[in-house]
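Subject: Model for your files

Dear colleague,

Here is the structure I said I would pass on.

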Amino acid sequence: MDEHIQAARTEIKAFLDEQGRLKALPSKRKKALAAVYYAGSKLEAGREYTESEINDVIDDWTAYHDPATLRRELYNKRLLNRTKDCSRYWKAENVPSVEAFLAENI
């Protein structure tokens with residue numbers, strides 16, 4: 001596992017179930033950002049997704065099933081890009097380290 005993903009996972013370990021899925025989106029800002037970063041790591045680089053496919057990936061990695069909120073956070077934090085009509089999504093190309101991501105967004 002990538003060291004940045006491991007760092008995000010360590011930050012949110014209390015919010016992960018035994019399969020590594022998010023049980024909830026943390027309310028504390030730093031942990032919530034780490035959770036968003038962790039969720040973004042589950043997307044394949046270079047692949048385009050439909051909204052339904054993105055929702056399926058998010059649902060696979062969350063136990064609380066609120067794909068719209070997490071999808072919006074991934075987009076707002078620039079870990080996910082989309083077309084203007086929201087018909088296609090893809091992982092951002094230049095994802096920063098978790099440390100840089102947290103510093104930029106806190």
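A crossing is called left-handed if the near helix is turned anticlockwise from the far one by less than a right angle, and right-handed if the turn is clockwise. By that rule, helix 1 and helix 2 cross in the left-handed sense. Please keep in mind that this is a predicted model.

Helix 1 with helix 2

Helix 1 covers residues 3-11 and helix 2 covers residues 29-40; their axes lie 8 Å apart, and the packing angle is about 135 degrees. Angles from 65 to 115 degrees count as roughly perpendicular and those over 145 as roughly antiparallel, so helix 1 and helix 2 are oblique to each other. On the helix 1 side, the contact is made by His-4, Ile-5, Ala-8, Arg-9 and Glu-11, which meet Lys-30, Lys-31, Ala-34, Tyr-37 and Tyr-38 of helix 2. By type, the residues of this contact are 5 nonpolar, 4 charged and 1 polar.

Helix 3 with helix 4

Here the axes are 9 Å apart and the angle is about 105 degrees. Helix 3 and helix 4 are therefore roughly perpendicular to each other. Helix 3 contributes Glu-51, Ile-54, Asn-55, Ile-58 and Asp-59, and these meet Pro-67, Leu-70, Arg-71 and Leu-74 in helix 4. The contact of helix 3 with helix 4 divides into 5 nonpolar, 3 charged and 1 polar residues.

In soluble globular proteins, nonpolar side chains tend to be buried together. The largest nonpolar core in this model has 25 residues, and those touching the most other members are Ile-12, Leu-22, Tyr-37, Tyr-38, Ile-54, Leu-70 and Leu-74. At least two core residues come from each of helix 1, helix 2, helix 3 (51-60), helix 4 (67-76) and helix 5 (98-105). Helix 2 supplies the largest share, with 7 residues.

Which residues does Leu-70 touch, if those up to four places away in sequence are not counted? They are Leu-22, Leu-25, Val-36, Ala-39, Ile-58, Thr-62 and Tyr-64.

Ser-87

Ser-87 sits in the loop between strand 2 (80-82) and strand 3 (89-91). Its relative accessibility is 35%, so Ser-87 counts as partly exposed. Beyond its neighbours within four places in sequence, Ser-87 contacts Tyr-49, Thr-50 and Glu-51. Glu-48 is 39 residues from Ser-87 along the chain, and the C-alpha atoms of the two are 9.8 Å apart.

Regards

How values were computed:
Residues numbered from 1 in each chain as written. Predicted model: local features only at pLDDT ≥ 70, side-chain atom pairs only at ≥ 80, totals over all residues. Heavy atoms only, no water. Axes fitted to C-alpha atoms, helices over the stretch in contact; angles between N-to-C directions. Helix = DSSP H or I, 4+ residues; strand = E, 2+ residues; numbered from the N terminus. Parallel < 35°, antiparallel > 145°, perpendicular 65-115°, else oblique. Contact = heavy atoms within 4.5 Å. Nonpolar A, V, L, I, M, F, W, Y, C, P; charged D, E, K, R; others polar. Core = buried A, V, L, I, M, F, W, Y, C linked by side-chain atoms within 4.5 Å. Buried < 20%, exposed > 50% of the residue type's maximum accessible area, 1.4 Å probe, protein only.
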